[in-house]
Amino acid sequence: MARKPKVNPQGEGTGSVKSAQAKAQDDQVMSTNSSSIVSKRSVERLYHAGEPPFFRHFVPKFQRRAPLINRGYWLRLRAIDVLVRDFLRAVSQQRRRSLENGTRKRGVVVNLGCGSDVLPWQCLTRYPEECGGVKFVDVDFPDLIAKKRQTVLGTPELVGAFTGVKEASALVAPIVFESEQYVQIGCDLRDLDTLQKGLAAAVGDLSECDFIFVAEVSITYMEREGADEVIRWASTVGNAEFVLLEQILPDGKDHPFASTMLTHFDKLNTQLKSVSSYPTVTDQYARFLSGGWYSVKVWTLWQAWADETFLSRSERLQLDDIEEFDEWEEFALFASHYCIVHAKVGSASAAAPTPSLPATTEFLTEFVEMQFNECPGAKAQRRFAAAMRLSPGGSHDETQQSVLHVLGLGSKTRLPSCDIFRLGTSEDKERPISGAGSPAARMCHSLTDLGGNGVLLVGGRGRPSDPLKDCWMFDKSTRTWKQTHDLPTPLYRHSVTALGNSGLALLVGGRGAALAFGGCLLYHPEAGWVDCDIVGEKPAAVYGAVLSCSGESTTGVFNGVYAGGLENGVVSNQLLSWEANISSIKASQKPTVKFSRMTIVGNLGKDASWLLTRFGATGFQYGNVFMLLGGVTRDHLLSHRDEVVLCSVSGSELTITHRLIGQSSREGKPAPRALFVGHSAVLAPNGSVVMVGGGATCFSMGTFWNKGVYAFHVPALGSHEKRTSLSSLQWVYEKTIDILPVKRSDPVPTKHQHHGEPAQITTIPRIKLGAADDFLRIVREGRPVVLEGSDLGRCVSTWTLEYLVDKVGPDRKVVIHEAATKAMDFTTKNFRYVTTEFSDFARKVEQGEKVYLRALSHEKPSEKPAMLAEDFPALAADFRLPLELSPVDENIFSSVLRLSGPVNMWLHYDVMANVYCQIGGSKRLLLFPPSDVEHLSFAPGASSSSIDVFSSLASPELALTHPQEAVLSPGEVLFLPPLWLHTATPTSDKSIAVNVFFKDLDNGHYAAGRDVYGNRDLAAYEKGRQDIARIANAFKKLPAEAREFYLLRLADELREKARG
C-alpha cells in the first residue's frame, strides 16, 4: 500500500483559491508548452515522416525549426522513448509470466507535467504488442488538461486510438478523461494527495502496478522542495521507475551557455527552481538516492548521444540523411546542459554516474596575464571565420600588429567581409585591403600563413551540403587576394598547418558534401595540391581536428600533432603524431606522411585523452610545446579550467603540463568569460595569443557572442625576449571591410583538374529575417537567398487545386502554355498558348499534362501587369507578404499567380527584383550571376535563352558558369535579384507559387512605356544598343580587317569597364 504523501507547503490543496500572482506564475509555466510542442511538431514531420503526425493536432501550423533545435528535441524525445520502450518490454514479459502464474500486474506510464505531449499515441503506434494492458496517464494543470481533453475528444485520430471511453458524468475527479488505455488527470503536482487519489481511481490498487513516471522539463519549474517531494512520493507508489529530463549547470552559472539559458528563463518568468541545487549529474544521482530510489543512472544528453543505450552509430549517421547538420559545437553545449535520469526502486546496487566534468587536478593550473578589450556595440560579431596576423611592412615589433578576421558567420547569415583589429599604439598607414577579386562569403574555412608566399585561404562551406574547393592567396605586401589552385575535392572543417617557413602547407581530413575526407594533401605554390602517401597508423576520416607543426626543418622532414575531430557523429579519441617527408616532391614523387599513435605520459594516462581529443579547437605548436584552446570534447563539457591546456611533446609521447587560465592584467571589472567556440586565434612571435570572434547559438534560448578581443601571453610559445606588458597594449576594433567578389579570376588548375570540368553548383544560402532592414540589406548586396520561416498566410495550408477551382471559379477563362516536351523554349516557341477554363487547366495538371499558367491581368492582359488582389480577388485574403518584406509591398510592380504541371520554365532574366513564394508543391531553381550571361547564349536584346540548363549543365560549354541552386518547399521564399539568369523545374507533380516583382532602382532607370511582364531592359541598355548601332555604322566604310580590329578593341574597352 502506498504511503500517504506529504503536501508541499508551497502547494494548494484541492479546491483552494490561488493568489493572482501564483496563478500568473502557473500560466507562464504552462506557456512553455506552446513553444516546446511547435519544435516537437517540427521533429515529428521531418524525423518521423513514416508515423502518424499526432503533434499536428495540437500545432495546426507547421513551423520548421532550425537544424540545431530539431536535433536537440529529437535527442530529448529519443532518450525518453528508449527508457519508456524498455519499461514496456519488461512489463510485457512480466505480464506473460504472471498470466502463467495466475497473477496479473498492470503497467502504468505517468507523464508528470505532460503538456501537449503525445507519448501515449506514439507508444501505441510504435510498440502495440508491448502496450497490451498498459494504461497511460497524463497529468498537468487543470486548465491545460482541459484544453488537451477538448482536442482529444474533437480529433478522431486521437480519440479513435482508445476503447471504452467514459462519459464525463461517470468520471471521478480529478480525472477528466478516461478510457481503457488512457487517462487524463487535471492536478497541480504540488497537490500529491489529489494526484494519488486520481491514480488510484484510474488504475486501482497502486501496489499491484508497475509504474514509470516521466518528467520532461516539468518539475524543474516547481520550488525545489516540491519537486523533491514528487520524486520521493513516486518511489513509494508500487514498483516504480522514474525518468527525469531537465537542465543542469555542469560548469556553474557563469558558463556562457548556462548564463544565456538562465537569462532566457528569467525573462519568461519561468525560473528553473532545481538547477542551482542539482547542477551536475553527480548531484542528480545523490538527489534520487536520498529520495528512495536504489538504482540510479544519470547521463548528460551529450553522453547519451554517444551511448549505444540510446542510439547506434548507424542511427546517428542516418539523421544526416534527413536534415543536413553542422552545428556540432552548439549541439554539444546544449546536450551537456541537460541530463537524463533513470531510477528504479528495489535492491539493485546503484552505479555512480560518469561525471560531466571529470576531475583534472593532477596537473598544475597557471594563471597567465590576459588583456580584454571590448568592441563597440555589436561590432565584430562573427564566428566560424578565420584570422590572420599582419605586421606593417613586415615588422616584428609587437606594438605594430593587426589582425584580420575573415568571412565567417554573422548574426543572421554568412558575411562577405572582414574585421580589422589593431594595437592601439599603432597607426595603420599601409595600403587599404582590396575588396575586389576576393573570396565569396563562407564559413568553416582555414587561413594559413605561408610566410613570404602569403596567407592561404582554403575551402569552407555555404550550407553543410555545399563545401567549397576554391583557394585564395592573400598578399600581405599589396593587401590583395588572388585565386590559387583549387582543392581536388571540396572541403570544410579541414585541418591545415604551415610546414615551417618552407612556403608549403599540409592538409589532413575535412568534410565533403557527404563524407569525411580520409587523405592528406600537400600545397605547393607551383604544383598545387599534391596527394600524399600515408604510412603507419592510418588516421580515421574526421573533420574539425587539430593539426600542428613543431617548426623548422633543414632535412625536408616535418612533424607535429594531429588530434580529435568528428567521426561518425561523435568526437574521435585519436591522438596521433605525424611526420611528413616532402623532400621527394622535388623528384616528382609523392610526399609521405607517417602517423603514429601517441602515448600520454604521467599519472593521468589514457584517462586524460578526452581532454586532448576535441572538435572545433584551435591548436598551436612551438617546438616541443603544444597548446590547445577550446572546442568541445566527447561526453564531457570543458570546464573553465580545462579550456586551455599546455603540453610537452617528445616524439610520440605527450605530457600535459599546465592548465592555463587568463587573469585580467587590469584592476577593476574582471573580463567577461570567453566562449571558446567558433573563435579564431593567432599566435604572435613573442608568445601572445590573440583571440577574436566566437560565440554560439544557445539552442532556442538566444545567441552568445564574445564581446571583444582576448590577448594572453604564454611564455612557452614564443621568444623570451623582453616584451611590452599586455596591460599597456589595447586591441582596438578598427573597421569592417566588405570583400564581396567583384571579379573572379579563372581558378588555377592543378594536376587533378582538367579543362572543361563541369560547373560546380553551389547552394543558395538560407536565412530567417528579423526585420525589414535585414531584407533591405539583402537587396543591397544583390545576392539570392532563401528566406525561411516567412508567414505567407493561410494559402500555404489551403491552396490545393480543388480549392483554387472553387475560389477562382471553374468557368474562369485563362491563357496557359501547353507544351509537347518538358523543356519549354520561349525562343523557338515549342509550346502553344491555349485559352481554356480554369477547371480544365486544373484537370490537366492533375493528369500530369505539360501545362503552365503564368497569370495575366484579368481586365487588360496586354496593357497592365498582373496583380493577384485585382485578378483573383477571392484569393487575395489567403496570401500575404510578411512585415519583414514590407519594402516589396512599398515598391511593388506586379504579383503573379503561377501554376504548373511537369514542365520547365526556360532560362531567362528579369529586370526587376522579385520574391518567389512557393505555396504548394516543390520546385528546383538554378540561378546564374549576371556575369555568366556571356556563357549562356543570350542573343543581343533577348531576355531568354534556348539552353536547357538541366540537361546540359555538365557540358564543357557551361564549365565557366557559376550556377547556384535552391529547392523550395511550401512556405519558403526565394529572393531573386534583378538580372540573375534563372530556370526552374518542379520536383513534385504540381507547383503553386506567387512571385512578386518590385522596383529596387529609382524610376528613372527603367525604360519608359509599357512593360507588362517586368522584363523590359533598363533604359540605359536600350540607349546603349542604339549607340552601338551608330558606332558600328561609323566603321562601315573601313576595310573589313580594320573594322574588325577596331570594333574588337572597343569591345575590350567595354569589357574592362564592365568588370571594373
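The following legends describe close-up views of a predicted model.

Local features are reported where pLDDT is at least 70 and side-chain atom pairs where it is 80 or more, whereas totals for chains, interfaces and linings use all residues. Residues are numbered from 1 along each chain as its sequence is written, and side-chain values use heavy atoms, without hydrogens and water.

**Figure 1. Overview of the protein chain.** The chain contains 23 helices and 54 strands; helices (H or I, at least four residues) and strands (E, at least two) are DSSP runs, numbered from the N terminus. Of its 1060 residues, 55% count as buried, where buried means under 20% relative accessible area, exposed over 50% and partly exposed in between (1.4 Å probe, protein chains only). Among contacts with a separation of 6 or more, 72% are between residues 24 or more positions apart; contact means heavy atoms within 4.5 Å.

**Figure 2. The largest nonpolar core and I340.** This core comprises 92 residues, of which L88, V109, W305, F310, F331 and I340 touch the most other members. A nonpolar core is a set of buried Ala, Val, Leu, Ile, Met, Phe, Trp, Tyr and Cys residues joined through side-chain atoms within 4.5 Å. Helix α2 (residues 67-101) supplies the largest share of the core, 14 residues. Beyond its neighbours within four places in sequence, I340 contacts A79, I80, L83, V243, L244, L245, K297, V298, W299 and F310. In soluble globular proteins, nonpolar side chains tend to be buried together.

Figure 3. I37, in helix α1 (residues 20-47), is buried, with a relative accessible area of 6%. Its contacts, not counting residues up to four places away in sequence, are F55, F58, V59 and S116. The C-alpha atoms of I37 and R56 lie 9.2 Å apart, with 19 residues of separation along the chain. G107 belongs to strand β1 (residues 106-112) and is buried, at 2% relative accessible area. Apart from neighbours within four places in sequence, G107 touches F87, V91, G133, V134, K135 and D210. G107 and C209 are 102 residues apart in sequence, yet their C-alpha atoms are 5.8 Å apart.

**Figure 4. The crossing of helices α6 and α7.** The axes of α6 (residues 192-203) and α7 (residues 224-234) come within 12 Å and cross at roughly 35°. Axes are lines fitted to C-alpha atoms, for helices over the stretch in contact, with angles from 0 to 180 degrees between N-to-C directions. The crossing is right-handed, a term applied when the near helix is turned clockwise from the far one by less than a right angle, left-handed being anticlockwise. L192, L195, Q196 and L199 of α6 meet E229, V230 and W233 of α7. These contact residues divide into five nonpolar, one polar and one charged; Ala, Val, Leu, Ile, Met, Phe, Trp, Tyr, Cys and Pro count as nonpolar, Asp, Glu, Lys and Arg as charged, and the others, Gly among them, as polar.

Figure 5. Strands β17 (residues 495-498) and β18 (residues 505-508) pair in the antiparallel sense over four bridges; two strands pair if DSSP finds at least two bridges between them. V496 has L507 in β18 as its bridge partner. Six residues separate the two strands of the hairpin, and G500 in the turn has a positive phi of about 55°. Both faces of β17 are covered, with S495 and T497 buried on one side and V496 and A498 buried on the other.

Figure 6. The five-strand sheet has the order β41-β51-β50-β53-β48, and its edge strands, β41 (762-763) and β48 (905-908), each pair on one side only. Within this sheet, β50 (residues 923-928) and β51 (residues 964-968) pair in the antiparallel sense over five bridges, and R924 stands opposite V967 in β51. The nine-strand sheet has the order β42-β43-β52-β49-β54-β47-β46-β44-β45, with edge strands β42 (766-767) and β45 (831-837).

Figure 7. A cis peptide bond, with omega of about 10°, joins A173 and P174; P174 lies in the loop between α5 (156-159) and β3 (175-178). V217, in the loop between β5 (209-216) and α7, has a positive phi of about 45° and is buried, at 12% relative accessible area. C444 has a positive phi of about 60° and is buried, at 7%. Most residues other than glycine have a negative phi, and most peptide bonds are trans.
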